[in-house]
Amino acid sequence: MRTQVAIVGAGPAGLTLAQLLHVEGIDSVVIENRSREYVEARIRAGVLEQGVVDLLTAAGVGERMAREGLVHEGIELQFAGERHRIDLKTLTSGKTITVYGQTEIVKDLINTRLASGRPLLFEVDDVHLDGIDSDRPCVRFSHQGTTHELDCDVIAGCDGFHGVCRPTIPARVLRTFTREYPFGWLGILANVAPSNDELIYASHDRGFALLSMRSPQISRLYVQCRPGEDIADWPDNRIWEELHTRLEIPGWTLAEGRVLEKGITPMRSFVAEPMRHGRLFLTGDAAHIVPPTGAKGLNLAVRDVQLLAEALTVWLRHGSETLLDAYSTSCLRRVWRAEHFSWWMTTMLHTLDDGDPFAVRLQESQLRYVVSSGPAATSLAENYVGFD
Ligand SMILES: Cc1cc2nc3c(=O)[nH]c(=O)nc-3n(C[C@H](O)[C@H](O)[C@H](O)COP(=O)(O)OP(=O)(O)OC[C@H]3O[C@@H](n4cnc5c(N)ncnc54)[C@H](O)[C@@H]3O)c2cc1C
């Protein structure tokens with residue numbers, strides 16, 4: 001087999017890259033080690049920056065998102081029993097965010113890919129990268145009992161944090177930066193209309209809570225928990241009790257519904273530098289992870305492949321490597337901004353240091369500053385809606 005771009009991983013990064021390249025008439029093969037059903041059902045992100053919505057729309061995958069996505073013009077911050085609105089649209093000269101589940105984006109991208117007739121192989125095994133230091137890289141894998149060698153011009157490592165691409169880069173070349181947080185998020189998907197029109201980020205002395213949504217009928221809710229907790233220790237009534245305690249304020253109650261899905265996510269910050277080695281280009285979670293408090297992971301993944309698609313198009317059409325050479329540096333500038341914002345939101349809103357009173361006072365002071373100072377609110381807003 002031969003292609004121009006071998007794409008490892010059919011998450012948001014790999015599938016978006018495949019579509020952006022297809023629009024430019026560039027050939028790619030996407031290989032994914034999970035089944036289509038598994039990839040389409042993986043509940044994860046749901047908040048999209050305006051620039052990401054615009055990119056997906058321009059790439060021809062925005063039609064259902066335009067119909068079903070929920071456009072939000074603000075978010076709410078809650079602390080000390082008070083709720084304060086951050087008017088994203090006004091503070092950023094008209095930008096908004098769109099709530100549309102990652103599962104739906106992935107379904108739209110898979111349907112578009114299959115309709116294009118270009119290859120997308122699920123349930124591949126034994127993926128190995130060869131020759132990333134040479135100008136003839138190759139991806140070996142097995143599929144339906146047959147071993148394949150996929151020769152290509154470049155390999156896009158879009159295989160997430162636990163993938164095989166990043167470990168292919170020699171350790172002497174790769175520098176990694178990590179921060180583990182002493183808490184996780186217990187998230188549920190519930191069959192109930194969201195109790196609020198906009199997201200509520202709540203700081204509470206029992207821990208952080210977030211009210212989010214996936215559709216007018218489905219709520220997505222999170223509570224801060226200890227890392228490594230067993231989900232079996234969290235029966236539904238315990239989760240709802242914590243959500244009521246942490247989210248409710250006088251005059252506002254949280255509606256309950258049937259829990260459709262629940263799980264615990266550890267919180268981690270991680271960056272690998274550089275994001276390119278030879279003919280291998282890392283994108284999305286393969287290169288960086290943010291705690292979900294800033295809603296940046298999926299957005300960063302799409303922004304990486306936007307840059308990569310542009311760079312590959314210029315190189316494959318005109319032979320210029322300038323953008324390819326700038327890829328890692330350009331991505332990392334945005335990545336570190338998002339890393340800082342996600343860390344900042346996380347440390348501002350979660351219970352830290354076992355509720356150390358000094359930390360609590362600092363957090364409340366910071367939150368009060370954000371909601372009462374125009375420049376501070378604008379800083380949060382412009383980071384939240386994303387930079388173009
Ligand atoms: C609970 C939770 C909530 C989140 N909330 C948000 C949010 O609100 N906003 C936001 O922007 N982000 C959010 N994120 C982060 C977001 O989901 C990720 O950043 C995003 O999925 C990254 O996309 P990706 O394509 O880079 O990686 P992934 O989605 O991880 O996709 C990688 C793909 O590669 C495949 N793969 C792995 N190894 C191999 C291999 N050897 N061969 C072939 N394929 C392989 C995997 O099966 C997977 O399909 C959240 C994440 C979680 C867990």
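The model is predicted: local features need pLDDT of at least 70, side-chain atom pairs count only at pLDDT 80 or more, and totals for chains, interfaces and linings use all residues. Residues are numbered from 1 along each chain as its sequence is written, and side-chain values use heavy atoms, with hydrogens and water left out.

**The ligand**

Select the ligand and the 33 residues around it; Glu32, Arg42, Gln102, Asp285 and Leu298 come nearest (a residue is near if one of its heavy atoms lies within 4 Å). By type, this shell divides into 15 nonpolar, eleven polar and seven charged residues (Ala, Val, Leu, Ile, Met, Phe, Trp, Tyr, Cys and Pro are nonpolar; Asp, Glu, Lys and Arg are charged; the others, Gly among them, are polar).

Next, click on Arg44: a polar side-chain atom of this residue lies 2.9 Å from a ligand oxygen atom. Then show the backbone, where an N or O atom of Ala295 is 3.2 Å from an oxygen atom of the ligand and one of Gly297 is 3.1 Å from a ligand oxygen. The protein covers 90% of the 990 Å² of accessible area that the ligand has on its own (Shrake-Rupley method, 1.4 Å probe).

**The strands**

Now move to strands S13 (residues 175–191) and S17 (residues 258–273), which run antiparallel and are joined by 14 bridges. Strands here are DSSP E runs of at least two residues, numbered from the N terminus, and two strands pair if DSSP finds at least two bridges between them. Pick Ile188 and you will find its bridge partner in S17, Lys262.

Finish at S20 (residues 288–289), which pairs with S17 in the antiparallel sense over two bridges. There, His288 is the bridge partner of Val271.

Methods
Helix = DSSP H or I, 4+ residues; strand = E, 2+ residues; numbered from the N terminus. Polar contact = N/O pair within 3.5 Å; in protein donor to acceptor, adjacent residues only side chain to side chain.
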